[in-house]
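User: I am new to reading protein models. Could you take me through one, feature by feature?
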Amino acid sequence: MSQMFNRLRTARHPASRRAYIAVILFSAIILIFFGMSEMTKKEVTVNSGGDVLTVQTHENTVEELLAGLDIEIKDQDLVEPSIHTELVSDMEIVYQKAEKVTVNVGNEVKAVYTTEKTVHELLQDLGYTYRDEDHLIPAGESPIEEDLSVYYTPAVEVKIAFDGKEESHWSASATVADFLKEANVTIGDDDLVQPGLNEELHEGLSVQLVRVEKVTDVIEETTAYETVREDDDELNEGVERVVEQGERGQRGLHYSITLEDGVEVARELVKTEVLSDAKDRVVAVGTKPEQAKQYVSETRTANENVTQTSSQESAPSEAKENNKKTMQMAATAYTAECDGCSGVTATGIDLNNNRNQKIIAVDPSVIPLGTRVHVEGYGEAIAGDTGGAIKGNKIDLHVATKEEATRFGRKTVAVTILE
């Protein structure tokens with residue numbers, strides 16, 4: 001400065017001296033103003049997305065400072081303190097740009113702006129309580145990026161009853177089939193699942209799994225033998241002799257049984273197997289005429305012309321009784337619930353509700369339907385039914401139960417026509 005004044009003293013012309021002084025004064029004023037301006041600047045730290053910048057500024061508010069840094073502020077952006085806050089020295093400003101994210105929850109799709117750092121934090125900010133069983137893509141720790149798409153399926157509580165127990169699971173599976181697979185529940189080919197495997201999971205759903213098992217049961221039962229009657233001319237008429245005792249056979253009935261959770265719900269006869277054949281009972285029937293009978297017959301024939309009508313009328317009821325027709329017939333027994341039976345006879349009699357009714361099945365060409373008869377060992381009955389195997393001198397007696405029919409077997413009985 002002293003050198004400057006020395007130059008002024010040595011200046012030759014007064015005008016030049018004044019101009020030079022003016023320049024010096026202007027420069028001094030500029031320097032003073034600049035120094036004062038620098039002294040009034042505020043030093044501020046700006047943290048933008050993790051990038052830290054320290055600036056000195058004359059701006060008055062946070063908004064003016066960020067605008068001066070070419071930062072365009074959106075309503076969703078994070079600015080702390082607020083944009084209207086006045087700047088002071090040593091202030092720290094935090095700015096976080098909001099990123100646009102598409103969130104897919106079930107069938108709902110929405111676009112949001114967020115300043116959260118991770119997907120987990122975003123869901124929490126949106127009001128969702130995240131569970132480990134939820135389905136989330138990308139993973140919860142993934143950072144938020146511009147135009148990120150998030151797929152979120154919240155888990156629901158589902159109850160399942162199976163194998164005699166009940167359990168509760170949280171699951172975000174789409175269907176019942178996916179849920180059972182996720183819960184490590186094995187399903188058999190015949191098992192029943194309610195609701196169906198394609199049912200969509202929803203809150204409060206109850207799933208029931210019924211174990212279905214098919215097994216085979218074999219029941220052995222006896223079969224009746226038949227009685228075969230053979231004429232024997234060495235035996236007198238009216239005499240019978242058992243030549244061979246009959247022997248019952250054995251057969252196996254194969255049933256397919258369906259079990260649901262161990263309880264039988266269906267039974268179907270699928271196979272009948274002959275284990276041993278029945279052997280016929282053979283009876284010899286005498287055909288040899290007796291001499292005494294021949295004599296009586298001849299005597300009656302000789303005296304027929306001298307028999308008075310009054311003697312014939314002396315016992316009309318006895319004569320009528322003796323004129324009833326009696327036949328020896330092969331008899332078996334059946335029930336209303338026999339295989340292939342409807343329980344309703346050929347004449348329309350319903351045996352399902354009349355298990356003790358005395359009805360016999362006959363060959364109508366031998367005994368007309370509707371005939372009242374007496375069957376040896378069975379009692380009075382009505383010829384009210386027919387059967388495919390009932391031909392000739394055969395009858396089938398209706399009894400109340402299968403056990404009675406089995407015990408009856410096959411035997412020869414006397415059948416008397418009453419009316």
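Analyst: Let us start with a salt bridge. Arginine 410 pairs with glutamate 226, and their closest N and O atoms are 3.5 Å apart. Keep in mind that this is a predicted model.

User: Where in the chain do arginine 410 and glutamate 226 sit?
Analyst: They link distant parts of the chain, 184 residues apart. Arginine 410 is in the loop between α9 (402-408) and β24 (411-417). Glutamate 226 is in the loop between β13 (212-223) and β14 (227-236).

User: Is glutamate 226 buried, exposed or partly exposed?
Analyst: Buried means under 20% relative accessible area, and exposed means over 50%. Glutamate 226 has 34% relative accessibility, so it counts as partly exposed.

User: How many salt bridges does the structure hold?
Analyst: It holds twelve. One of them joins the side chains of arginine 241 and aspartate 232, at 3.7 Å from N to O. Arginine 241 is partly exposed, at 42% relative accessibility. Aspartate 232 has 16%, so it counts as buried.

User: Which residue does glutamate 264 bridge to?
Analyst: Its partner is arginine 267, with the closest N and O atoms 3.0 Å apart. Glutamate 264 is partly exposed, with a relative accessible area of 40%. Arginine 267 is partly exposed too, at 38% relative accessibility. Bridges can also share partners: Asp163, Asp191 and Arg211 are joined into one network that way.

User: What about a charged residue that has no salt bridge?
Analyst: Take aspartate 385, in strand β22 (residues 379-385). Aspartate 385 is buried and has no salt bridge. The nearest side chain of opposite charge belongs to lysine 391, 12 Å away. A salt bridge needs the nitrogen within 4 Å of a carboxyl oxygen.

User: What does the side chain of aspartate 385 make a polar contact with?
Analyst: With the side chain of tyrosine 334, at 3.1 Å. Leaving aside residues up to four places away in sequence, aspartate 385 touches several others, including Thr345, Ile359, Val362 and Leu369.

User: How is a pair of aromatic rings described?
Analyst: By the distance of the centres and the angle of the planes. A search of the whole structure finds two aromatic pairs. In one of them, the rings of tyrosine 128 and tyrosine 152 have centres 5.4 Å apart and planes at 65 degrees, so the pair is edge-to-face.

User: Which parts of the chain does that pair tie together?
Analyst: Tyrosine 128 lies in the loop between α4 (119-125) and β7 (135-137), and tyrosine 152 in strand β8 (residues 148-153), so the pair ties together parts 24 residues apart in sequence. Tyrosine 128 is partly exposed, at 22% relative accessibility. Tyrosine 152 is buried, at 2%. Ring pairs link Tyr128, Tyr130 and Tyr152 into a cluster.

User: Where does glutamine 56 sit, and what does its side chain contact?
Analyst: Glutamine 56 is in strand β2 (residues 51-57). Its side chain makes a polar contact with the side chain of glutamate 43, at 3.3 Å. At 48% relative accessibility, glutamine 56 counts as partly exposed.

User: Now the whole chain. What does its secondary structure come to?
Analyst: Nine helices and 24 strands. The chain has 419 residues, and 28% of them count as buried. It exposes about 27300 Å², with carbon and sulfur atoms supplying 48% of that. Among contacts with a separation of 6 or more, 56% come from residues 24 or more positions apart.

Conventions. Residues numbered from 1 in each chain as written. Predicted model: local features only at pLDDT ≥ 70, side-chain atom pairs only at ≥ 80, totals over all residues. Heavy atoms only, no water. Helix = DSSP H or I, 4+ residues; strand = E, 2+ residues; numbered from the N terminus. Buried < 20%, exposed > 50% of the residue type's maximum accessible area, 1.4 Å probe, protein only. Contact = heavy atoms within 4.5 Å. Areas by Shrake-Rupley, 256 points an atom, 1.4 Å probe, with all protein chains shown as cover. Lys, Arg positive; Asp, Glu negative; His and termini not counted. Polar contact = N/O pair within 3.5 Å; in protein donor to acceptor, adjacent residues only side chain to side chain. Phe/Tyr/Trp six-rings, centres within 6.5 Å; stacked < 30°, edge-to-face > 60°.
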